[in-house]
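Dear colleague,

I am passing on a structure that you have not worked with before. Please open it first, and then read the notes below beside it.

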Amino acid sequence: MIRRPLVLAALRDHRRGIAGWTLGLVALVIVQLSVYPTIRDSSEGWSSLTEQFPEVFKEMFRIADYASESGYLSTELFSFVVPFMFAAIGATWGARLAPEDEENGTADIVLSLPVERHDYLASRLVAAVAALCLSATGFVATLAVGARILDMSIAVSRFLVATVVLVFVGLVFMSFALVLGAWTGRKAIALGVTTGLVIATFIAYSLAPLVGWLDALGPFNPMQWTIGSQPLLEGFDWGYGWRSITLTLGVTALSFPLWARRDISA
């Protein structure tokens, strides 16, 4: 059962972090959109320039039709920095869900309340998902408004689909950080290992077009399931989407028995 006071308490305790991540995403969108008119006004020159990029570079960063609206935003926002930011939000929240009160020395107070362990963890998980969605809302709202101001022709639905995929990035790595935190009881371990996993999967995804055995691992790489589907250009890929959802739910479910069985030090 979800306990509303626990959800609200988690959001209240980390409201500054939520605001910081959201403002960072908003600022990034504003900066990239403010640059686009320059790209658009000299589109032929930029197209010629990007055509001269090494094929290795274009394949690594999935650069396609850079001077177009979708190509520019896909390259500058949806292929590198923003997915990393959503992965970081997810990993940060996931790592703290189980061990935070234990490391703060308040676990004895919280767990002495008439709240089951599963309810405690589920409520904090709902808060984490809500925080991720709040940041995503700020991101997509800024993107949609800015695009209309610049008279971009991209449909708002495409922005929504691409942002949902970014949320999937955050949820996948949130689940890994959550299960590690529930298992070890250490936020630093959960965050460190998950951060390494984010970097490793992104490197594997980036180098896949160039390295045969990494390309063969693409169907098993969460980064390929999410940003590899090119949602802004191609729309939502249900096959990859279901893989992301299934992995997230499976790993998250594993965290509950691990958390319930572990001895908690107050």
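Two residues are said to be in contact when they have heavy atoms within 4.5 Å of each other. Of the contacts in the protein with a separation of 6 or more, 79% are accounted for by residues 24 or more positions apart.

Please keep in mind that this is a predicted model, in which local features need pLDDT of at least 70 and side-chain atom pairs count only at pLDDT 80 or more, while totals for chains, interfaces and linings use all residues. Residues are numbered from 1 along each chain as its sequence is written, and side-chain values use heavy atoms, with hydrogens and water left out.

The protein has 15 helices and zero strands, where helices (H or I, at least four residues) and strands (E, at least two) are DSSP runs numbered from the N terminus. Of its 266 residues, 49% count as buried, a term that stands for under 20% relative accessible area, with exposed for over 50% and partly exposed in between (1.4 Å probe, protein chains only).

Helix 6 (residues 81-97) and helix 11 (residues 187-207) pack with their axes 8 Å apart and at an angle of about 155 degrees; axes here are lines fitted to C-alpha atoms, for helices over the stretch in contact, and angles run from 0 to 180 degrees between N-to-C directions. The two helices are therefore roughly antiparallel to each other, given that angles under 35 degrees count as roughly parallel, over 145 as roughly antiparallel, 65 to 115 as roughly perpendicular and the rest as oblique. Their contact involves, among others, Phe84 and Arg96 of helix 6 and Lys187 and Phe202 of helix 11.

Asp151, with a phi of about 60 degrees, lies in the loop between helix 9 (117-149) and helix 10 (156-184), and at 64% relative accessibility it counts as exposed. Gln230, with a phi of about 55 degrees, lies in the loop between helix 13 (222-225) and helix 14 (231-234), but Gln230 is buried, with a relative accessible area of 11%.

Lastly, Ala147 is found in helix 9 and counts as buried at 0% relative accessibility. If residues up to four places away in sequence are not counted, Ala147 touches Leu33, Met152 and Phe159. Ala147 and Tyr36 are 111 residues apart in sequence, yet their C-alpha atoms are 10.0 Å apart in space.
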